[in-house]
Every structure is written in C-alpha cells, then in structure tokens.
Amino acid sequence: AQRQAILEALESLSTKQRMVFTLFYIEGFKIDEIAGSLKIANGTVKATLFKAVRRMRQELAEFERDVL
C-alpha cells in the first residue's frame, strides 16, 4: 500500500517535476548536473524540485490520513 501511494504521488507530478525529482532523489544527480542534462538553469531545477517535493508531501499526507 505504501509503495503504491508513492507511485501514485509520483504520477501526480508533471513530467518535468517527475524527471527532476527522480534524477535528484533516486538517481543522486546534483543540481548542476540536472541543469546541464536538461539544458535549464540551476534556479529552474531548484524551483521545480521545490514544487515536486511540496506536491509529494501533499499527496502522501492524504495517504497517511487515509491509513491512520
């Protein structure tokens, strides 16, 4: 159930957010590496990552409320 909730939360992200989130948190890329590979500014990577994390927290908080 927890794994499914995480996958669903990831699916709720935009394609760009999911890509940046995955590269940073799962693949271990640094901000500047992500920026270089996606050809976007470091600030854009940081802002996208911030929005992705905020969305993931919202989605997983809903899961937590449903489970508890």
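Q: Is Glu-64 buried or exposed, or something in between?
A: Buried means under 20% relative accessible area, exposed over 50%, and partly exposed in between, with a 1.4 Å probe and protein chains only. Glu-64 has a relative accessible area of 48%, so Glu-64 is partly exposed. This is a predicted model, in which local features need pLDDT of at least 70 and side-chain atom pairs count only at pLDDT 80 or more, while totals for chains, interfaces and linings use all residues. Residues are numbered from 1 along each chain as its sequence is written, and side-chain values use heavy atoms, with hydrogens and water left out.

Q: Where is Glu-64 found, and how many residues apart in sequence are Glu-64 and Gln-2?
A: Glu-64 is found in helix 4; helices (H or I, at least four residues) and strands (E, at least two) are DSSP runs, numbered from the N terminus. In sequence, Glu-64 and Gln-2 are 62 residues apart, yet their C-alpha atoms are 9.1 Å apart in space.

Q: How many helices and strands are there in the chain?
A: The chain has four helices and zero strands, which gives the pattern α-α-α-α along the sequence. The C-alpha trace spans about 40 × 20 × 15 Å along its principal axes. Of the 68 residues, 25% count as buried.

Q: Which residues of helix 1 are buried?
A: In helix 1 (residues 2-11), the buried residues are Ala-5, Ala-9 and Leu-10. They lie on the same side of helix 1, because they cover an arc of only 135 degrees around the axis, taken from the directions from the helix axis to the C-beta atoms. Arg-3 and Glu-11 are exposed on the other side of helix 1.

Q: What describes two packed helices?
A: The angle between their axes and the distance between the axes describe them. Axes are lines fitted to C-alpha atoms, for helices over the stretch in contact, with angles from 0 to 180 degrees between N-to-C directions. Here the axes of helix 2 (residues 15-26) and helix 3 (residues 31-38) come within 10 Å and cross at roughly 140 degrees. Helix 2 and helix 3 are therefore oblique to each other, given that under 35 degrees counts as roughly parallel, over 145 as roughly antiparallel, 65 to 115 as roughly perpendicular and the rest as oblique.

Q: Which residues of helix 2 and helix 3 make the contact?
A: Contact means heavy atoms within 4.5 Å. Helix 2 supplies Met-19, Val-20, Leu-23 and Phe-24, and helix 3 supplies Ile-31, Ile-34, Ser-37 and Leu-38.

Q: Where is Thr-48, and what does Thr-48 touch?
A: Thr-48 is placed in helix 4 and counts as buried at 9% relative accessibility. Not counting residues up to four places away in sequence, Thr-48 touches Lys-16, Gln-17 and Val-20.

Q: With which residues is Tyr-25 in contact?
A: Neighbours within four places in sequence left aside, Tyr-25 is in contact with Leu-49 and Val-53. Tyr-25 lies in helix 2 and counts as partly exposed at 47% relative accessibility. The C-alpha atoms of Tyr-25 and Leu-49, 24 residues apart along the chain, are separated by 9.6 Å.

Q: What is phi of Lys-39?
A: Phi of Lys-39 is near 60 degrees, a positive value in a residue other than glycine. Lys-39 lies in the loop between helix 3 and helix 4 (42-67) and is exposed, with a relative accessible area of 73%.
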